[in-house]
Amino acid sequence: MTYDNIEEARFESRPNRFIAYVSVEGKQEKVHVKNTGRCRELLTENAAVFLNKSKNPKRSTCYDLVAVQKGSRLINMDSQAPNKTVQEWLEKGGLFPDTVSVRPETTWHNSRFDFYVETAEDKIFIEVKGVTLEQGDVVLFPDAPSQRAVKHVTELAEAVREGYKAYVIFVVQMENVKYFTPNRKTQPEFADALLAARGAGVQILAYDCKVTPDSMEIGQSVPVKLSEMEIAAEPLLSWYDKNKRTLPWREDPTPYHVWVSEIMLQQTRVEAVKGYYDRFMKALPDIAHLAQAKDEELLKLWEGLGYYNRVRNMKKAARMIMEEYGGVMPEEYEDLLRLPGIGSYTAGAVSSIACGRRAPAVDGNVLRVLSRLKGDGRDIARQSVRDDVTEELWRDMDTERPGDFNQALMELGATVCIPVGAPHCGECPWEALCAAHREKRELDFPFKTPKKPRTIEEKTVLVILDENRAALQKRPEGGLLGGMYEFPCLSGHLSRRQVLAYLKEEGLSVLKIEKLADSKHIFTHKEWHMIGYAVRVDELANKKNSGDLIFAKKQEVRDKYPVPSAYGTYLYNFLS
Ligand code: SF4
């Protein structure tokens, strides 16, 4: 698209949307502005502007103001130029090489779209939006709220539902920009409409333009970032590339390695997981070994990690993989969700990290980081909030590197936007984007409804020993710490006299009784407050393993019987 008769001038003032005063060769001239937007950031005093001289002698103004110099950038601001430029481009087959016809201004139901294009295969509606608003190399639309723009985008989604193809093309009336994004601050409704339209199948494209004072033509495709998360992904991934920790399961991220490490990481810190992970992989290097592992071996490998049902479920899942998937872990999120013990977080982690599938993995770390990034004051403990965040990530997460995107979010939560104490915002790739940081309210997010206090259970733990063995009992299957081994344990905090009475009733002859340290163990909903006694008896040596009690040597307790970490204080006392 070209202009016939361009002259350079200097901008002076703009008394209303249609008119501006400029200086042409030192003489003030009233000119028509071919853009009804405010364009305040463009039309600044003394800016170089370009005028197209009209051939119509009857017009009240002789010139149209069509372009402006902003720093080193020449910006075309003629609001009719984008449609003209796109028409020329479409007619040359610029977007669809097999274009058959291009019809501007076409009515469909109650809508009027900028173009109707037919190709050999498709019937296509196109809406064109000119973009002149630039901030730090990022271009935005609209510069003022536009209900018409929302209507058009919504109607294109409707056209897709009726079998048409549909495009919104943002024509960036300048060159060398980073990306296009909707101007959410000015009109959130338009940004939401674009996201919904994209979800419905409307293609959202942006192209920059080669602009000279007397011409404009379509140039290069410009990245389109419709949501905050799409904007945040790039700095997050660059930060991750430079700062990711070297971890054993990252060296060879097979589905099995990622699965085992993720389940362990749900239990404890990365540093603590490393040892468990190495031992587990040496003992059970693949799914076939896990499927055949004995329960006690499994519990022993898991000893101290807690939530023992998780490792039992891993074995069930391994068996299912052997039977239904020929021993190969499925890669798809939906298939992984069918396996026992694999919820949406683990399914997302395995399918994205090990298999490159696009699936979010939302855990507490991710919820915390995103609540701060967005300044989202909703309670992250609520399932509805977790579901919303997951849904948004399905829509907005990085498409090229989904596994790295998920790991980067987790890594940021673990090392920078930490759960306890002040986050390290100075090291954060989102420092400039983060709402909580902008408002200096980092610690106000995430909001959590105060939890109900945990129930307290008082217990008396008896470490009953003879010369070299201790009495253990197996906890009932199915309940808390089911199937694991513990020291005999009585309800309440019993005095020495009460313990002696109990032992006598059990037929044990006590040689010595000694108070041990108190201990506390915290589960999700309850706390055990324990006191303990070391009891030296003489009968264990002759007593057969019978009833609830078994008698185990130190080495057997170390290697064979899984004892939960809740008893750590007393176990240490026995083993040391
Ligand atoms: S800027 Fe601070 S609060 Fe915001 S995401 Fe980064 S570390 Fe967290």
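Start by selecting residues 147-161 and 188-200, which are helix 2 and helix 3: the two pack at an angle of about 10 degrees, with their axes 9 Å apart. Helices here are DSSP runs of H or I with at least four residues, strands are E runs of at least two, and both are numbered from the N terminus. Axes are lines fitted to C-alpha atoms, for helices over the stretch in contact, and angles run from 0 to 180 degrees between N-to-C directions. That angle makes helix 2 roughly parallel to helix 3 (under 35 degrees counts as roughly parallel, over 145 as roughly antiparallel, 65 to 115 as roughly perpendicular, and the rest as oblique).

Before going on, a word on what is on screen. This is a predicted model, in which local features need pLDDT of at least 70 and side-chain atom pairs count only at pLDDT 80 or more, while totals for chains, interfaces and linings use all residues. Residues are numbered from 1 along each chain as its sequence is written.

**Stop 1: between the two helices**

Turn on side chains for the helix pair. On the helix 2 side, pick Ala149, Val150, Val153, Thr154, Leu156, Ala157, Val160 and Arg161. They meet Glu189, Phe190, Ala193, Leu194, Ala196, Ala197 and Ala200 of helix 3. Contact means that C-beta atoms, placed from the backbone, lie within 7 Å. Colour this contact by class and you get 12 nonpolar residues, one polar and two charged. In that scheme Ala, Val, Leu, Ile, Met, Phe, Trp, Tyr, Cys and Pro are nonpolar, Asp, Glu, Lys and Arg are charged, and the others, Gly among them, are polar.

**Stop 2**

Two strands pair if DSSP finds at least two bridges between them.

- Strand 8 (residues 111-119) runs antiparallel to strand 9 (residues 123-131), and four bridges join them. Val117 sits opposite Ile124 of strand 9.
- Strand 12 (residues 165-172) pairs with strand 14 (residues 203-212) in the parallel sense, over six bridges. Tyr167 has Gln203 of strand 14 as its bridge partner.
- Strand 14 and strand 15 are antiparallel partners over five bridges, and they make a hairpin with two residues between them. Find Cys209 here and you will see Ile218 of strand 15 opposite.

**Stop 3**

Strand 11 (residues 138-141) pairs with strand 13 in the parallel sense over four bridges. Leu140 has Thr181 of strand 13 as its bridge partner.

Most residues other than glycine have a negative phi, and most peptide bonds are trans. Asp137, not a glycine, has a positive phi of about 70 degrees, and it is found in the loop between strand 10 and strand 11. Then select Phe141 and Pro142, joined by a cis peptide bond with omega about -5 degrees. Pro142 belongs to the loop between strand 11 and helix 2.

**Stop 2: domains**

Zoom out and colour by domain: domain 1 (6-76), domain 2 (81-226), domain 3 (248-444) and domain 4 (455-575), with bounds from an automatic or database domain assignment. The centres of domain 3 and domain 4, taken over C-alpha atoms, are 35 Å apart. Eight residues of domain 3 are in contact with seven of domain 4. On the domain 3 side, helix 9 (residues 295-302) gives the largest share, four residues. That side has two nonpolar, two polar and four charged residues.

Another cis peptide bond joins Phe445 and Pro446, with omega about -5 degrees. Look for Pro446 in the loop between helix 16 and strand 16 (455-465).
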